[in-house]
Amino acid sequence: MSEPPLGHLLDAGLLGEPVAAAREGTAEYVLEAIDLHKRYGHNDVLRGVTFGVHRGDVKAVLGPSGSGKSTMLRCLALLEPIDAGEVRLEGRRIGVRESGGRLVPLPERALARERSEIGMVFQRFNLFPHLTALGNVMIGLTEVRGRSKAEAREIAQTMIARVGLAERASFYLGELSGGQQQRVAIARALVMNPKVMLFDEPTSALDPELVGEVLAVMEELAREGMTMVVVTHEVGFAKRVADRVIMMDGGAIIEDAPPAEFFGNPQHERTRKFLEAVH
């Protein structure tokens with residue numbers, strides 16, 4: 001018998017917290033950035049970034065190095081505090097609370113709970129080398145969700161199988177290829193049953209022959225209705241999978257369009273030059 005698709009497992013609540021109510025939320029966007037600003041010293045890295053991602057959509061983000069793409073994702077994932085603006089998840093402002101008539105960052109424990117609703121996959125995997133593949137996928141369930149080790153192991157094994165690594169669940173990172181490590185990282189994020197998945201150039205650190213296995217997992221997630229924001233230089237993936245494509249430059253969004261328009265008739269000269277370079 002064939003395995004159930006990822007989306008069915010997620011919606012059934014078999015890989016984390018039940019999400020039926022969340023999947024049917026009434027907010028226009030699952031994830032929304034509103035006028036995000038971020039500065040490091042005198043460097044304005046984000047300058048008024050605003051966009052939203054509808055439920056089940058894939059938003060691809062393109063742009064040159066240093067344009068603010070990775071910083072934007074880290075702010076959306078609550079890994080970096082923003083200097084101004086809002087991040088909203090299903091219409092609810094996250095990362096801050098009101099205290100004494102002003103907004104202050106949430107304490108770390110509350111931030112961790114909110115972060116667990118947003119899956120993040122990094123360029124360099126960010127896995128724990130002292131843990132096996134299974135241990136890396138289990139850890140969020142035990143440390144953040146409070147699941148027992150036995151329950152977490154069962155859930156994690158199911159997810160590892162879904163990314164095609166059931167036979168390598170007991171392997172340590174040094175025994176896995178880069179593509180396999182990245183699939184473990186995807187499983188680790190997915191097992192928390194996030195409402196949205198963020199990918200920060202997930203194939204950029206891989207050898208070319210390993211890129212396809214990671215993109216295949218991501219494309220399956222898209223087909224099953226996972227809401228995703230993907231920073232990537234994989235133009236083919238953006239064309240095939242994205243519902244809309246963003247171009248960032250200088251910390252701002254300069255173009256946001258469906259793939260056919262974005263690649264076929266870009267409106268901004270900077271976008272045209274960038275696409276000529278990457279092609």
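**Reading helix packing and burial**

Guide: We begin with a pair of helices: H5 and helix H6 (residues 149–162) pack at an angle of about 125 degrees, and their axes are 8 Å apart. This is a predicted model.

Visitor: Are H5 and H6 roughly parallel or oblique to each other, and why?

Guide: Angles under 35 degrees count as roughly parallel and those over 145 as roughly antiparallel, with 65 to 115 as roughly perpendicular and the rest as oblique. H5 and H6 are therefore oblique to each other. Their crossing is right-handed.

Visitor: Which residues make the contact of H5 with H6?

Guide: H5 contributes Ala-133, Leu-134, Val-137, Met-138, Leu-141 and Thr-142, while H6 contributes Lys-149, Ala-152, Arg-153, Ile-155, Ala-156, Gln-157 and Ile-160. Sorted by class, this contact has nine nonpolar, two polar and two charged residues.

Visitor: How do H5 and H7 lie relative to each other?

Guide: The axes of helix H5 (residues 133–143) and helix H7 (residues 178–190) come within 8 Å and cross at roughly 25 degrees. H5 and H7 are therefore roughly parallel to each other. This crossing, too, is listed by hand: H5 and H7 cross in a right-handed sense.

Visitor: Which residues of H5 and H7 meet?

Guide: On the H5 side they are Ala-133, Asn-136 and Val-137; on the H7 side, Val-184, Ala-187 and Arg-188. The contact of H5 with H7 has four nonpolar, one polar and one charged residues. Ala-133 and Val-137 of H5 also belong to the contact with H6.

Visitor: What angle do H7 and H8 make?

Guide: H7 and helix H8 (residues 208–223) pack at about 20 degrees, with 8 Å between their axes. H7 and H8 are therefore roughly parallel to each other, and their crossing is right-handed. From H7 the contact takes Gly-178, Gly-179, Gln-180, Gln-182, Arg-183, Ile-186 and Leu-190. From H8 it takes Leu-210, Glu-213, Val-214, Val-217, Met-218 and Leu-221. The residues of this contact divide into seven nonpolar, four polar and two charged.

Visitor: Is Gln-182 buried or exposed?

Guide: A residue counts as buried under 20% relative accessible area. Gln-182, which lies in helix H7, is buried, with a relative accessible area of 0%. Leaving aside residues up to four places away in sequence, Gln-182 touches Val-121, Phe-122, Gln-123, Phe-125, Pro-202 and Val-214.

Visitor: How should I read a residue that is partly exposed?

Guide: Take Phe-128, in the loop between strand S8 (118–121) and H5. Phe-128 is partly exposed, at a relative accessible area of 36%. Beyond residues up to four places away in sequence, Phe-128 touches Asn-136, Ile-139, Leu-173 and Arg-188. Two of these, Asn-136 in H5 and Arg-188 in H7, are among the residues through which those helices meet.

Visitor: Where is Asp-35 found?

Guide: Asp-35 is found in strand S1 (residues 31–40). At 39% relative accessibility, Asp-35 counts as partly exposed. Its contacts, not counting residues up to four places away in sequence, are Gly-48, Val-49, Thr-50, Ala-84 and Gly-85.

Visitor: How many of the residues of helix H3 are buried?

Guide: Six of the eight residues of helix H3 (residues 69–76) are buried, so H3 is largely enclosed by the rest of the structure. The buried residues are Lys-69, Thr-71, Met-72, Leu-73, Cys-75 and Leu-76. Just after H3, Leu-78 takes a positive phi of about 65 degrees.

Notes
Residues numbered from 1 in each chain as written. Predicted model: local features only at pLDDT ≥ 70, side-chain atom pairs only at ≥ 80, totals over all residues. Heavy atoms only, no water. Axes fitted to C-alpha atoms, helices over the stretch in contact; angles between N-to-C directions. Helix = DSSP H or I, 4+ residues; strand = E, 2+ residues; numbered from the N terminus. Left-handed = near helix turned anticlockwise from the far one by under 90°. Contact = heavy atoms within 4.5 Å. Nonpolar A, V, L, I, M, F, W, Y, C, P; charged D, E, K, R; others polar. Buried < 20%, exposed > 50% of the residue type's maximum accessible area, 1.4 Å probe, protein only.
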